[in-house]
Amino acid sequence: WREFGVDAVWMTSYNVLLSYPDGPNMVRLLDASSGDLLAENSPKQKPLYAPEESSDEVPFSFNAYAAPGNVTGAVVYANYGREEDYTYLVDSGIDITGKIVIARYGMIFRANMVSFAEELGAAGVLLYTDPADYALDGPDSVYPQSVMMPPSGTQLGTVKLTDGDPLTPFYPSIESAFHIPEKEAAIPKIPVQPLSYEDAYFVLSSLGGPEAPVSWIGALNLTYRLGPTDPSYVVNMDVHTHNVPAVIHDVIGVIEGAEEPDRYVMLGNHRDAWVFGAIDPSSGTAAMVELARVLSLMRNLTEWRPRRSVVLCSWAAEEYGLVGSMEFTEQFSKQLQDRAVAYLNMDLALVGNYSLKVLAAPMLYDVIWQAAKQVPNPDPVEAAAGRTSVYDTWLARKPDSLDGTRPEMELVGSGSDYRGFMHNQGVTSLDISYNHDESIPGWYPLYHSLYETFALVDELYDQDFLFQSAVTKLWAIVAVSLSDPQVLPFSVLEYSNFISRVQLQISDEFGQLVSDNNRTFGQLLD
């Protein structure tokens, strides 16, 4: 950014708690009588294609903030690890206390899967990717032949349920901050370990007990059972993940506004990844670097300067639970509440090439729709069919369920760095990316695995980087559209319509409860 000529660049640093594996985390199937080793997991994912997959810097597979520990016992299968899945086990007479739970990724946040198990007294948790969810076309169509998860693929990720530094809740982890004792932090107190479906096979194969319901059955060649483990076997978890104090650095750059320099249009992307992160986050990081270069070039070669300041934010430790951005929003909450115009996030640029995906506050609907109409369609087949802009394909493939004349907008959740801005500081926010079609459930199959390599993006997702370029242009146009005009192009009507719809939804679902407690929606309706 300094080389580009960005007006000001600095770092904000925070003293936080992070988590790393201290040696290989092992899961073993043992003979219950003799203790003999029958099978064990691979502590690292196997290199399959890209040269960098063989790097010595590839970490041992782990779940961040899992407690270290060595536990041995029987295993029970909890499907997707949802609250209703655990309820089914309890209602079926399956005792979870003291057991190791194995559950498959795919429906809810992994930290919730672990939290539910810990509340029920589980001794440890194993998380795995079932091919039913991550290898939809069978074992012969996986990475590197396709974007599906191979048998050796393992999804890493945090299992901390809260966001930000766990030792300084609700306060920035600056040098003078009080840090609570680690034993009081909202982090798991039991060992947790992710597995590939290649390694999960021997754990699931050892289960006894009743057969699982049809909806719990995955695509491994075995009989899915609830457990517990057949009495002739036990499973051992030997987890060496440990928490360590660390200093992280957010990098902030500012292109100063000409007339309202104290009003901020903020753009953000995190730069940390579990392994190589060619999709998450580096596709978004590349977009941010290019956007910074282009905006700086515009300012240097022309008389353009934004009316309001454009603030570029490169976040640290997002993967550990939005740590860098949450600490920043806690430290600068007053300035953000008073002066931030909008926060424009790009966690990643693409997880597919089917259609644009936008999470946005209603105030930004119009500016996004207008920007999407200005970006040429990166899909040559769609362009040849007459859909010449990003907006055209977005509308054709993802129409709004309530108004089919415009594309779908999704609500801003809490899964990326927009969380602290939108939900804690009240800053209008969005997140944009290119998405896959509905044939792939959930997020992208190689999520947080070793195989998120440059080759994956270059050869399978976005040859010639056309979609990456398109979403970067869209991001830039939205930023300029909010930083340049005298009157902000906020969608006030869309915002009011949204509030009215939500009020009716709440009234339909909870109206009787509200009435029973002598409450009213009168203020919203007046």
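Which elements do the buried residues of α5 pack against?

**View 1. Packing partners of helix α5.** The buried residues of α5 pack against strands β12 (241-255), β13 (260-270) and β14 (308-315), and against helix α13 (466-483). Contact means heavy atoms within 4.5 Å. Helices (H or I, at least four residues) and strands (E, at least two) are DSSP runs, numbered from the N terminus. This is a predicted model: local features need pLDDT of at least 70, side-chain atom pairs count only at pLDDT 80 or more, and totals for chains, interfaces and linings use all residues. Residues are numbered from 1 along each chain as its sequence is written, and side-chain values use heavy atoms, without hydrogens and water.

**View 2. The buried residues of α5.** They are Ser 283, Gly 284, Ala 287, Met 288, Leu 291, Ala 292, Leu 295, Ser 296 and Arg 299. Buried means under 20% relative accessible area (1.4 Å probe, protein chains only).

**View 3. The length of α5.** Helix α5 covers residues 282-301, 20 residues in total.

View 4. The chain has 15 helices and 17 strands. Its radius of gyration, over C-alpha atoms, is 24 Å, close to the 24 Å of the globule rule (2.2 Å times the number of residues to the power 0.38), so the chain is as compact as a globular protein of 526 residues. Of these 526 residues, 54% count as buried. Among contacts between residues at least 6 apart in sequence, 78% join residues at least 24 apart.

Terms used. The expected span of a helix is 1.5 Å times one less than its number of residues. Buried means under 20% relative accessible area, exposed over 50%, partly exposed in between (1.4 Å probe, protein chains only).
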